[in-house]
There are 2 protein chains.
Amino acid sequence: MNTVAAYHFGWIDAEGRPSDSGSGKAIRPALALLSAEAAGVPAETGVPGAVAVELVHNFSLLHDDLMDGDEQRRHRDTVWKVHGPAQAILVGDALFALANELLLQAGSRRAGDAARRLAVASRRLVDGQAQDIAFEHRERVTVEECLEMEGNKTGALLACAASIGAVLGDADDALADALETYGQHLGLAFQAVDDLLGIWGDPRSTGKLAWSDLRQRKKSLPVVAALGAEGSAAERLTALMTADTKKSQQEFEDFDEAEFAVRAALVEEAGGRAWTEAEARRQYDVAVAALGRVPMPNEVRERLTALADFVVIRQR
Amino acid sequence: MNTVAAYHFGWIDAEGRPSDSGSGKAIRPALALLSAEAAGVPAETGVPGAVAVELVHNFSLLHDDLMDGDEQRRHRDTVWKVHGPAQAILVGDALFALANELLLQAGSRRAGDAARRLAVASRRLVDGQAQDIAFEHRERVTVEECLEMEGNKTGALLACAASIGAVLGDADDALADALETYGQHLGLAFQAVDDLLGIWGDPRSTGKLAWSDLRQRKKSLPVVAALGAEGSAAERLTALMTADTKKSQQEFEDFDEAEFAVRAALVEEAGGRAWTEAEARRQYDVAVAALGRVPMPNEVRERLTALADFVVIRQR
């Protein structure tokens, strides 16, 4: 399993040669370390939490890529594509198990508390993925349902990441709760941006195919907002996508590129893109406001705010 | 996910109609409840541990059946066969996450301790499955490697089950350790019997195909013991199985039934069956001896012994 995990993290290539392909943005561990500092303890105190949330995140990537049939991540073939489905399942399971083990063995007085929060976040993460898959086969999904799904799929683990270092640092509930709120809404902002990139992202930056989310019939925020809008663009989009849900995955994948461009243009015309951009900003504002409600070192508050800035302006 | 989980547990059939297909032998929760009583607390104290170990066990069944391509379990189509691979992955993940969550939220003073033991057992469970899969592609596996694999795959979770109720009941380390030793060796006895049933089990009892483990090229104990023996039967078996490892899964599955019967007969002739029967008995003896080393109510010791008796004489 070491080989498969090392490939996933970008430390070796598909042939096993040393590589440095980058292991993702590491936003979750950064949050965990900052949250320890928010509680006035050294960043080191947050390390077991930082590793645990990153392991849980990567467990979900390994399994989600397989379930979604995604062949590329971070400009490289995904694990199931290189090492087969069984290894993707197995190594995902191993990372998840290891996350719990190392957190509970860290020896912190509050380790049980941190592990409980991680367990809740993990369960919500799986719930969110289940909702995401279910939505692909439904004709109608409301914006509220989509936000609930994204809150589970992305918000829960970011909320845990943003508070787990503080919990390990024995923070009081008010600080832990405020950091959790910050993380939850940062997650929703992150996902709104991800949804925008999933349709309009530059494949050279995202490392995914163009119109990636449309190819998978994802009911992401721009799509759901557009389908729920009024006007002729929304009506034409609804007619097209209702017909799409009846097609087989194969028929759908055989679509000409132009078919996806048409759907993307209709989502934009119906206002789905602008609404999602505004939603990312709204969630950002709620996240940053939560930081202002509790005492923490000013420098830490600034860095948490900078991290939120990065999330909403990122290109991948 | 509720529908898929309910199908897996035998509460509904593939069409969603109420059903009572039986949910397995429930050995792990039985152990967890008995282990609470061994510590002199009511069985109820062990309930969160009992549920957690049963959820982790079923998480592993869902994923293992998919990885191994097993189409039948408990006389019914497996989850991936009925609901598809994505649902088997997802619901497995959900059961695993839920196990940790409910254990840590049980509110017991020792919940963190119990969760830590469960996390170690879960990681070893995944390790064991990884070793099991790796062995299928290797020509040579020693009996020691096979026992280590089975200790991880089956022993670890039974060791956790047999001690988790006592831990939740605030037992001292000596009792928890003795129960863990009992569970570990009970697991090895269980797996030895499972390996015998995997080759010679009656399909009407096991709910699996005849020669099930041979069809999957499992390097189970009888096979490994036979391959490591001396004499002409072992030599013929080695020649056959060395050639087998070079065949594709499809070529292999197209084998005539008689091909598997030949291999089973050679395993028996080389002494693999008798050795594994003796090994089950040896592990049983070590398990039961561990119960004698610590004080516990006599009635509980008798019931734990009866459970071990059941494990070694069971037919499925």
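A polar contact is a pair of N or O atoms within 3.5 Å. In this predicted model, four residue pairs, both at pLDDT 80 or more, are in polar contact between chain A and chain B.

**Figure 1. Polar and charged links join chain A and chain B.** The count of residue pairs in polar contact between the two chains is four. Salt bridges between chain A and chain B number two. One of the salt bridges joins the side chains of B:Glu101 and A:Arg123, at 2.7 Å from N to O. On chain A, helix H3 (47-68), helix H5 (85-104) and helix H6 (111-136) each supply at least two residues of the side that touches chain B. That side of chain A has 18 nonpolar, seven polar and five charged residues.

Figure 2. On chain A, 30 residues are in contact with 30 residues of chain B. The copies meet through the same surface, because 100% of the interface residues of chain A are also interface residues in chain B.

**Figure 3. A:Asn152 sits in helix H7 of chain A.** Helix H7 spans residues 143-168. A:Asn152 counts as buried because its relative accessibility is 9%, and buried means under 20%. Leaving out residues up to four places away in sequence, A:Asn152 touches A:Arg124, A:Leu125, A:Asp127, A:Gly128 and A:Gln131. With A:Gln131, the side chain of A:Asn152 makes a side-chain polar contact at 3.1 Å. A:Asp132 is 20 residues from A:Asn152 along the chain, and their C-alpha atoms are separated by 9.9 Å.

**Figure 4. B:Asp68 lies in helix H3 of chain B.** Helix H3 covers residues 47-68. B:Asp68 has 17% relative accessibility, so this residue counts as buried. Which residues does B:Asp68 touch, not counting those up to four places away in sequence? They are B:Gln129, B:Ile133, B:Glu136, B:Gln216 and B:Lys218.

Terms used:
Residues numbered from 1 in each chain as written. Chains lettered and ligands numbered in written order. Predicted model: local features only at pLDDT ≥ 70, side-chain atom pairs only at ≥ 80, totals over all residues. Heavy atoms only, no water. Helix = DSSP H or I, 4+ residues; strand = E, 2+ residues; numbered from the N terminus. Buried < 20%, exposed > 50% of the residue type's maximum accessible area, 1.4 Å probe, protein only. Contact = heavy atoms within 4.5 Å. Salt bridge = Lys/Arg side-chain N within 4 Å of Asp/Glu carboxyl O. Polar contact = N/O pair within 3.5 Å; in protein donor to acceptor, adjacent residues only side chain to side chain. Nonpolar A, V, L, I, M, F, W, Y, C, P; charged D, E, K, R; others polar.
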